[in-house]
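Look through the structure below before reading on.

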Amino acid sequence: MAHATPPSVLEQGGPIRVEHDRQRRQFSVRLNGCHDRAVLLYEYVGKRIVDLQHTEVPDAYRGRGIAKHLAKAALDFVVEEDLKAHLTCWYIQKYVKENPLPQYLERLQP
């Protein structure tokens with residue numbers, strides 16, 4: 001008999017909540033309770049410059065817009081904290097191209 005996987009937060013139609021852990025320098029979304037998580041990692045590379053380095057969403061959850069929430073949260077953090085951002089992560093580069101908001105664009109480091 002096949003076991004159905006328990007529905008995730010997303011499958012239940014709940015909102016995607018992004019958490020920010022400043023000590024670990026990551027944004028994350030809990031998936032399916034607390035076992036799986038999608039993360040966006042960043043690092044300070046100067047006093048007021050963050051490098052948005054890597055976004056990772058587990059295979060089973062891809063294509064659901066989770067990375068978009070992580071990218072938006074990270075870029076909003078850059079704006080709110082008046083930082084500059086270096087975009088190492090290809091996904092965030094793509095997100096900014098698709099959402100070329102002036103408040104994001106003016107914060108980008110070449």
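Six aromatic pairs are present in the structure, which is a predicted model. In one of them, the ring centres of Y42 and F77 are 5.4 Å apart and the planes meet at 45°, so this pair is tilted; planes under 30 degrees apart would count as stacked and those over 60 as edge-to-face. Y42 belongs to strand β3 (residues 36-44) and F77 to helix α1, so the pair ties together parts that are 35 residues apart in sequence.

Are these two residues buried or exposed? Buried means under 20% relative accessible area. Y42 has 2% relative accessibility and therefore counts as buried. F77 has 4%, so F77 counts as buried too. Another tilted aromatic pair is made by Y95 and Y104, with 6.5 Å from centre to centre and 45° between the planes. Both Y95 and Y104 are buried. Y42 and F77 also belong to one aromatic cluster with F27 and Y44.

The largest pocket has a volume of about 230 Å³. It is lined by 14 residues, of which T55, V57, R62, A67 and Y91 are the closest to its centre. At least two lining residues come from each of β4, α1 and α2 (90-98). Sorted by class, the lining has six nonpolar, four polar and four charged residues.

Where is R62 in the chain? R62 sits in the loop between β4 (49-56) and α1 (66-80). A polar atom of the R62 side chain lies 2.8 Å from the backbone oxygen of V57. The C-alpha atoms of R62 and A38 are 9.6 Å apart, while the two residues are 24 residues apart along the chain.

Technical notes. Residues are numbered from 1 along each chain as its sequence is written. This is a predicted model: local features need pLDDT of at least 70, side-chain atom pairs count only at pLDDT 80 or more; totals for chains, interfaces and linings use all residues. Side-chain values use heavy atoms; hydrogens and water are left out. Helices (H or I, at least four residues) and strands (E, at least two) are DSSP runs, numbered from the N terminus. A polar contact is a pair of N or O atoms within 3.5 Å; within protein, one must be able to donate a hydrogen and the other to accept it, and residues adjacent in sequence count only if both atoms are side-chain atoms. On a 1 Å grid over the protein atoms alone, a cavity is a set of points where a 1.4 Å probe fits but cannot get out, and a pocket is an open set with protein on both sides within 12 Å along at least five of seven lines; lining residues have an atom within 4 Å of a point. Grid points are joined across faces, edges and corners, and a volume is the space filled by probe spheres set on the points. Ala, Val, Leu, Ile, Met, Phe, Trp, Tyr, Cys and Pro count as nonpolar, Asp, Glu, Lys and Arg as charged, and the others, Gly among them, as polar. Buried means under 20% relative accessible area, exposed over 50%, partly exposed in between (1.4 Å probe, protein chains only).
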